[in-house]
Amino acid sequence: MQVVSGVLCPFCGCCCDDLEVIVENNTIVDVRNACALGASKFMEYATHRNTKPLIRKNGELVETTLDEAIKQCAKILAEASYPLLYGWSNTSCEAIKVGLELAEEVGGVIDNTSTVCHGPSILAIQEVGIPGCTLGQIRHRADLIIYWGSNPWSAHPRHLERYTALSEGRFQRAAWKRYLSRLILESARKRRYRAAGRVLKGGAAALPPTEEERRMLPPPEERKLVIIDVQKTRSADLADIFIKVEPGGDYDVLQALRALIRDEELDVDRVAGVPIEELEELADLMVNCRFGIIFFGLGLTMSVGKSRNVEAAIKLTRDLNMYTKFLIMPMRGHFNVTGANIVFTWQTGYPYAVDFSHGYPRYNPGETSAIDILSRGDADAALIVASDPVSSFPRRAVENLVKMPLVVIDPCMTPTALMADVVIPSAFVGIEAEGTAYRMDHVPLPLKKIAEPPKGVLPDAEILQRILHEVREIKGVS
Amino acid sequence: MEFILITGRTIDQGKFKEHAKITEKYMESVAVCEMHIDDMMKIGVRDGDNIKVITKDGSVVVKVKRSKRIKTPGVVFIPFGPWVNSILPSETEGTGMPQLKGFKVRIEPTSEPVPDIKELLLKTYGSKK
């Protein structure tokens, strides 16, 4: 039995690097320190694994050799006039680098999954910049932590514990005790309400809230957690303040806060369903904190307003820096989506949606982004690496994607692989292959190899190198 | 009846997608629509019944689940996954990003079964030649 320590979790953008994985005879038997999502990946990765290259013949996917699958993939890409190369956020920076070279060679469009997560955030950052930092700074110094349109409890379960409210910083105490007391208080309240419902006429509504229930804000010197969302998520249960915004109302609330921190009066009772008193209270907290941070999620980027929501959030952060120190950071989803943006930018000058069809890199999200290309039916072949667009893209885009010659490189049989013409199994990056990933705060971290892949299964980078070699052979380029 | 649909992540959706998306557990975690109890009563469905969620781009059958989190009637939630994505609009308004949260859907009770992943792909996108 071997204990591998300091393992980086290849699930979400938190990139927790304190995991301990116990390996016995090349099988992972246990994992420590991981959240439910990370543990699920390490413990289940081998269960429904695809280990054989597949090719579609007479409508059925049948086994083939790796050489044949690679040759077929290279033929599809080399013969296409406008191929789309999509995915990249669940693989290593080393594989992404080869993917970019391949996209240039075939004159295609290469796009990563940020196109359907934080693409609008990138557009906003390109408009107004971003005051950023590392997560270490937040852990040690932030005394006001705001999650806006983000539910870390479900999507980044260890974010609170490792980097924000529940972490023990050098200058900030963890808020565990306070949250546990609140939990006890909440369960007592529920018991009291149930009893009141049985006894009082009018039920629980007849029982007025206690002062403790009404406001449970910690003393000014302690760090505070604020959640702003359209529904009361599990993360909101932990919050000192929860603000519920009407769906699609984030932009209004952000602009109202910008006005309030400048001491302007708003002549309304509510903004997007939020009472003005709650916003005034939040504006006071923001202005009076010593070090604040807004973590924003897909609640801003996927709702009406999209990049304009993020732009307003960044401008609010900029305004707050007139009074105190305030920062803002997107909550990145896949473990190496930040790495995909970084490697794309090194190689081409642009972070996603890069079009090589003119012989040089062009970037115009809305035109050169995957959803738009597919919805218009422009692409005539697709290579999907470490992603599952059939599950994550909207209908019309998928309808066109599955009509064209489709190659998938993935360790699992995803819905996209089920609709593919060529399927090449790859090693799990961060479990069966090493490499580099970037955490959501742009810190590069090494991914470890802790188990051998099945016989004949190669890492993404090596598969892509072989495809690139074949494409060059077909095109007569040495 | 019309509702505002929010899509998003859940811990089960994240956990079971790592068990492979062709498993029943994954389907049970994402082919569900969480609704406020008042809304369920209005359209006449109970926890675990099947409903049809309809947009201009298509329709999909999922199970209904009473939500303890949604406090406002009129808002429903479906986790990210191929079921909800098969009815989402593709327009990006020049941003590259479709609007995946906060759009209008119509919901009605149905006796049709919830399709498994292979049936869903076949029904929505046809078979690959």
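Modeller: Let me begin with a word I will need throughout: two residues are in contact if their C-beta atoms, placed from the backbone, lie within 7 Å. Residues are numbered from 1 along each chain as its sequence is written, while chains are lettered from A and ligands numbered from 1 in the order in which they are written. What you see is a predicted model, in which local features need pLDDT of at least 70, side-chain atom pairs count only at pLDDT 80 or more, and totals for chains, interfaces and linings use all residues.

You will find Leu84(A) in strand E6 of chain A, which covers residues 83–87. (Helices, H or I with at least four residues, and strands, E with at least two, are DSSP runs numbered from the N terminus.) Is Leu84(A) buried or exposed? Because 26 other C-beta atoms lie within 10 Å, Leu84(A) is buried; the label needs 20 or more such atoms, exposed means 12 or fewer, and partly exposed is in between.

Which residues does Leu84(A) touch, leaving aside its neighbours within four places in sequence? Leu84(A) is in contact with Gly108(A), Val109(A) and Asp111(A), and also with Ala370(A), Ile373(A), Ala379(A) and Ala382(A). For a sense of scale, look across to Gly249(A): 165 residues along the sequence from Leu84(A), Gly249(A) lies 35 Å away in space, C-alpha to C-alpha.

Now follow strand E6 into its sheet. This is an open sheet of nine strands in chain A with mixed pairing, in the order E5-E4-E19-E18-E17-E6-E7-E15-E16; strands pair if DSSP finds at least two bridges between them. Strand E5 (60–63) and strand E16 (362–363) of chain A each have a single partner strand, so one side of each has no neighbour in the sheet, and these two stand at the edges. At the E5 end, strand E4 (residues 54–57) of chain A is joined to E5(A) by four bridges, and the two run antiparallel. One facing pair to look for there is Arg56(A), opposite Leu61(A) in E5(A).

E1(A) and strand E2 (residues 19–24) of chain A run antiparallel and share four bridges, and Val4(A) has Val21(A) as its bridge partner in E2(A).

A hairpin is also worth a glance. Strand E20 (residues 435–438) and strand E21 (residues 444–447) of chain A are antiparallel and are joined by four bridges. Gly435(A) is partnered with Leu447(A) in E21(A). Five residues lie between the two strands of this hairpin, and there His442(A) takes a positive phi near 70°.

Stepping back, how is chain A divided? It has domain 1 (50–115 + 335–429 + 438–475) and domain 2 (119–199 + 215–330), with bounds from an automatic or database domain assignment. Ten residues from domain 1 of chain A and seven residues from domain 2 of chain A take part in the contact. The centres of the two domains, taken over C-alpha atoms, are 36 Å apart.

Leu260(A) counts as buried because it has 21 other C-beta atoms within 10 Å. Beyond its neighbours within four places in sequence, Leu260(A) is in contact with Leu266(A), Leu279(A), Glu280(A) and Ala283(A). From Leu260(A) to Glu281(A) is 21 residues in sequence and 9.8 Å in space, C-alpha to C-alpha.

Finally, the wider setting. Chain A contains 20 helices and 21 strands, and its C-alpha atoms fill a box of roughly 75 × 55 × 45 Å along the principal axes. Of its 478 residues, 56% count as buried, as Leu84(A) does. Among contacts in chain A between residues at least 6 apart in sequence, 67% join residues at least 24 apart. Chain A also meets a partner: 55 of its residues are in contact with 46 residues of chain B. On the chain B side, the elements giving two or more residues include strand E1 (2–8), helix H1 (11–17) and strand E6 (101–109) of chain B.
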